[in-house]
Amino acid sequence: MIQKFSFIATALLCIGLNAGLNAQTRAYQDRSKTYEQRVDDLLKQLTIEEKTSLMMHNASPVERLGIKKYNWWNEALHGVARNGSATVFPQPIGMAASFDEKLIHEVFTIASDEARVKHRQAVGSEEGVNIYQGVTFWTPNINIFRDPRWGRGMETYGEDPYLTGVLGMAVVNGLQGDSKGDILKAHACAKHFAVHSGPESTRHSYDARVSERDLRETYLPAFKDLVTKANVQEVMTAYNRFNGEPCAASGRLVKEILRGEWGYKGMIVSDCWAVDDFFEAGRHNFVESAAAAAAQAIKTGVDVECGVAYRHIPEAIELGLLTEADLDVCLKRSFMARYQLGEMDGISSWDHLGDEIVESEEHRAVSRQIAQETMVLLQNRGGILPLAKTERIALIGPNADDAEMMWGNYNPVPKSTVTLLAAMKEVNPEIVSFRACGVLGSDLLGDKQQMISESFLPALDVPAVLAKLEGINTVVFAGGISPRLEGEEMPVKVPGFDGGDRTDIELPAVQRQLLKALHDAGKKVVLVNFSGSAMGLVPEMESCDAILQAWYPGQEGGYAVTDVLYGDVAPSGKLPVTFYKSVDQLPDFENYHMEGHTYRYFRGEVAFPFGFGLSYTTFSYGKASVKGNVLSFKLKNTGKCDATEVVQLYVSRPDDALCGPVKTLRGFQRVFVPAGKTVEVSFLLKDEVFQWWNPLAQNMEPLKGEYKIQYGGSSASEDLCEVMYKY
């Protein structure tokens, strides 16, 4: 009897010990504990092989621990991309022309709403969460568009660090949204860190060498804004080297500045297959093997690799290049993120969002609204615009009825797209329309990535075009270029284009020839230019009566262009980049020193300056007064149409005129002014307005001294009023 009791007691004791052990090992599943406690416990359960599989973008499941697979790679450059239909907003460079951070915040709130719907659908499917179905978005691209030849510049918010920072923060705050308790809606990602803006053809090998001043004054401010002010959850490193080191292995960029100076605690991801560039022949020649590359990136602090070099983590540990503790530092950040997003516990506070919101009427209306604000009127000789709705006109050109062109790159594929032809037909069903020519002479091939060669460029038949236009006085020409020609590392090599970049900035010759022929034939010509980058339009300033820059305007873009052409909406967009006269005004493409680049350091005469954009009315700026740290002035609409003016504030420092920027943007406001009315505009001259390079500190800081403050409707000196101010 005693033996039986002893056996039962022993059995119960063992059950109790096992239960306690089981409870201890499953602490990572205990929602009563903090995320950090849960992650620390989880890391103890994982083998090195499992940890390896979890550090790449397509993180593998660990079924024995209940860890689901997750793919970190998702895109939302201007709408939830590459995952079926979703609302397509204008390309970011176009949205930058709106100077409207509030509306951009709304755009990306919509994008994250639609993303949460798509993520819920993926979670509920048999396949689980695959690429482009998560809620971690590698957006926004906040690199400085320093040279108009860069093919990916259209993904950015322009050439100015301040504008890029303000609009980039709006993107982050819209995407990441308001957390519900301790659950985050989504991740945004500041990319590509840092000093990255082409060329595409050498991005895997070039070394961007810049001065400390250029680094701090131009290339880093937007990143700092997103990290220190907007709490961006991810940062992506760039492909190129920075001052001799690959960006994903740069202790200076990642350890000293990002994590050290700025105190960044979030995740770092590599650009896709960028770690391979460390060792692959003909690239950075930084290390000799994949194992050494993986070790270098991990020790620098790259938590998740987009690519496959991290497969060599076990080998790196065997060689003594890494320790398991090194892995845990990175994994802790990525698992903290997964818990905070609700992904580890299967929690979402956004499941109430129905499938019907994706590409809904309300969302398309916002796409149309911001597309209207992106339109930049560059020229309007003789007031030819707005067009009369009763006038007989023709719409010709290669971009008049090209839906795919309007989507830009990194785009969703919408269920419906309104081209310019479709929209203008709604206003004028009898409009005469035909292509007249292709972008380069003939139609481009349908596949964006397919090689285009000169053999596809037949001669232009000008007499045939003019014959079809007999009796028509006004011609709208929908021209420009295409995202099939400019973009990320593309297999394109034709006159004017190479590998996604541009070798010149001119309008393609066939279009230029046709526009001149139309002008010589006595036609009134309105050029609607679609492009993701600045164009050299000097001949078109003569051959065209009006020029409207339309960018790649999204799925409702046809309506937006038509609204402006016919005057239902007064144009209010302003250029976020300088439109130079030609490439002859540009420094070497691979020259990353800022002198000679962008309106801030270019000292010549351009075709259309940064911040420029006409309206259907005119504005008069009054003399400013400064009381305390508030600058105020009157703004009068001196025309006959209600309109919005983008008021811009610039500063410069006279005692730094030789080395510093000519002027630099420090504030802007969209101000609506009814016809004939006057409003008061005020700017708070806070410390950040006077951020300037301090050579003693080797950094940017509010710097005491005398400043020239300029305010007006563009960066051109003739468009600005000025006042001196001692800070």
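**Exercise 1.** Which residues point one way from β21, which point the other way, and are they buried or exposed?

*Solution.* This is a predicted model, in which local features need pLDDT of at least 70, side-chain atom pairs count only at pLDDT 80 or more, and totals for chains, interfaces and linings use all residues. Residues are numbered from 1 along each chain as its sequence is written, and side-chain values use heavy atoms, with hydrogens and water left out.

Step 1. Locate the strand: β21 covers residues 643-652. Helices (H or I, at least four residues) and strands (E, at least two) are DSSP runs, numbered from the N terminus.

Step 2. Sort the side chains. Ala643, Glu645, Val647, Leu649 and Val651 point one way from β21. Thr644, Val646, Gln648, Tyr650 and Ser652 point the other way.

Step 3. Check the exposure. Buried means under 20% relative accessible area, exposed over 50%, and partly exposed in between (1.4 Å probe, protein chains only). Ten of the ten residues of β21 are buried.

**Exercise 2.** Find the order of the strands in the open sheet that contains β21.

*Solution.* Step 1. Take the partners of β21. Two strands pair if DSSP finds at least two bridges between them. Nine bridges join β21 to β22 (residues 664-673) in the antiparallel sense, and glutamate 645 stands opposite valine 671 of β22. Five bridges join β21 to β26 (residues 706-712), also antiparallel; here tyrosine 650 has glutamine 710 as its bridge partner.

Step 1. Continue from β26. This strand runs antiparallel to β27, with seven bridges between them. Tyrosine 711 stands opposite cysteine 721 in β27.

Step 2. Write the order: β22-β21-β26-β27, four strands with antiparallel pairing. The edge strands, β22 and β27 (720-726), each pair on one side only.

**Exercise 3.** Why does cysteine 721 count as partly exposed?

*Solution.* Cysteine 721 is partly exposed because its relative accessible area is 26%. Cysteine 641 also counts as partly exposed, because its relative accessibility is 22%.

**Exercise 4.** Describe the disulfide in the structure.

*Solution.* Step 1. Count. A disulfide is a pair of cysteine sulfur atoms within 2.5 Å, and a search of the whole structure finds one.

Step 1. Identify the pair. Cysteine 272 and cysteine 306 form the disulfide, with their sulfur atoms 2.2 Å apart. The pair links distant parts of the chain, 34 residues apart. Cysteine 272 is in the loop between β8 (267-269) and α10 (290-300), and cysteine 306 is in the loop between α10 and α11 (313-318).

Step 2. The link is right-handed, with 85° about the S-S bond. Both cysteine 272 and cysteine 306 are buried.
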